[in-house]
Amino acid sequence: MSLSLEQKLAIHELLGRAAYAYDERDMDALGSSFDLHAAMTMRIARGDLIGPFEGRAGIMQLMTNSMAQQTDVRRHVISNIFFESTGEQPVVISNLTLLATQDGVASLLATGVYRDTLVEDSGTWRIRSRHVELDSSY
C-alpha cells in the first residue's frame, strides 16, 4: 500500500494534534489519537523496557497519572517525521523535544524518538502502537 499525500498529511496532523492535546490536557482529543486496542512502551536512557500499557484506557491512565505529577507547562515538539514503512499499518518515526516552563523559566526536559504504528479506520488515522525512546530521564 502506498500512502497518498493527503494520507501522509493526515498522519502528520495526527502526531501534532496528539502532542498538542497532551500539552493542553485535552483528554478527549488525546484519547481519540489512539486506537481502542493500542499499546505503548517506553525506554528511558537505555534502561529497562517500561510497559506495555494496553488499550486506549491503559494508555490514558498512564497519561493521567503523568499529568497529575506535573506542575509545569509542557510542550511536546514533534519533528523530523518520516515513514519507515507505508504498508497496511504504516510506521512513522519522529523526534521529540520536550520543553517545560515553570515560574516563567523555560527549560529542555528531554529529547527522544517516537516509533508509531498507525491504523486507518473509516478515514481517520489513529496510533495502534507507540514506542518512546527517551535519551535521558527527567
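**A walk from Asp72 through the fold**

Asp72 has a relative accessible area of 14% and therefore counts as buried; the classes are buried under 20% relative accessible area, exposed over 50% and partly exposed in between, computed with a 1.4 Å probe on protein chains only. The model is predicted, so local features need a pLDDT of at least 70 and side-chain atom pairs count only at pLDDT 80 or more, while totals for chains, interfaces and linings use all residues. Residues are numbered from 1 along each chain as its sequence is written, and side-chain values use heavy atoms, with hydrogens and water left out.

Asp72 lies in the loop between H3 and E3. Helices (H or I, at least four residues) and strands (E, at least two) are DSSP runs numbered from the N terminus. Contact means heavy atoms within 4.5 Å. Not counting residues up to four places away in sequence, Asp72 touches Arg25, Ala100, Thr101, Gln102 and Leu109. The side chain of Asp72 also makes a polar contact of 2.8 Å with the side chain of Arg74. Such a contact is a pair of N or O atoms within 3.5 Å; within protein, one atom must be able to donate a hydrogen and the other to accept it, and residues adjacent in sequence count only if both atoms are side-chain atoms.

The loop between helix H3 (55-68) and strand E3 (73-85) also holds Gln70. Gln70 counts as buried because its relative accessibility is 12%. Leaving aside neighbours within four places in sequence, the contacts of Gln70 are Tyr22 and Arg25. With Tyr22 there is a polar contact between side chains, at 2.7 Å.

The next element is H1 itself. The expected span of a helix is 1.5 Å times one less than its number of residues. For the 20 residues of H1 this gives 28 Å, and the end C-alpha atoms are 28 Å apart, so the two agree. Its buried residues are Gln7, Ile11, Leu14, Leu15, Ala18, Ala19, Ala21, Tyr22 and Asp23. An α-helix has 3.6 residues a turn, so residues three or four places apart point the same way. The cover over the buried residues of H1 includes H2, H3, E3, E4, strand E5 (105-121) and strand E6 (124-134).

H3 can be treated likewise. Its 14 residues should span 20 Å, and its end C-alpha atoms are 20 Å apart, so expectation and model agree. Gly55, Ile59, Met60, Leu62, Met63 and Met67 are the buried residues of H3. They are covered by elements including helix H1 (5-24), helix H2 (27-32), strand E1 (34-44) and strand E2 (49-54).

Two strands pair if DSSP finds at least two bridges between them. E3 and strand E4 (residues 91-102) run antiparallel and are joined by 10 bridges. A hairpin of five residues connects E3 to E4.

Which class does the accessibility of Asn80 give, buried or exposed? Asn80 counts as exposed because its relative accessibility is 55%. Leaving aside neighbours within four places in sequence, Asn80 is in contact with Ile93, Ser94 and Asn95. Its phi is near 50 degrees, a positive value in a residue other than glycine. Asn80 and Asp121 are 41 residues apart along the chain, and their C-alpha atoms are separated by 25 Å.

Ala45, in the loop between E1 and E2, has a positive phi of about 50 degrees although it is not a glycine. Ala45 is partly exposed because its relative accessible area is 42%. Pro52 lies in strand E2, and the peptide bond from Gly51 to Pro52 is cis, with omega near 15 degrees. The charged end of Arg130 sits over the ring of Tyr114, 3.9 Å from its centre; this requires NZ of Lys or CZ of Arg within 6 Å of the ring centre and within 35 degrees of the ring normal.
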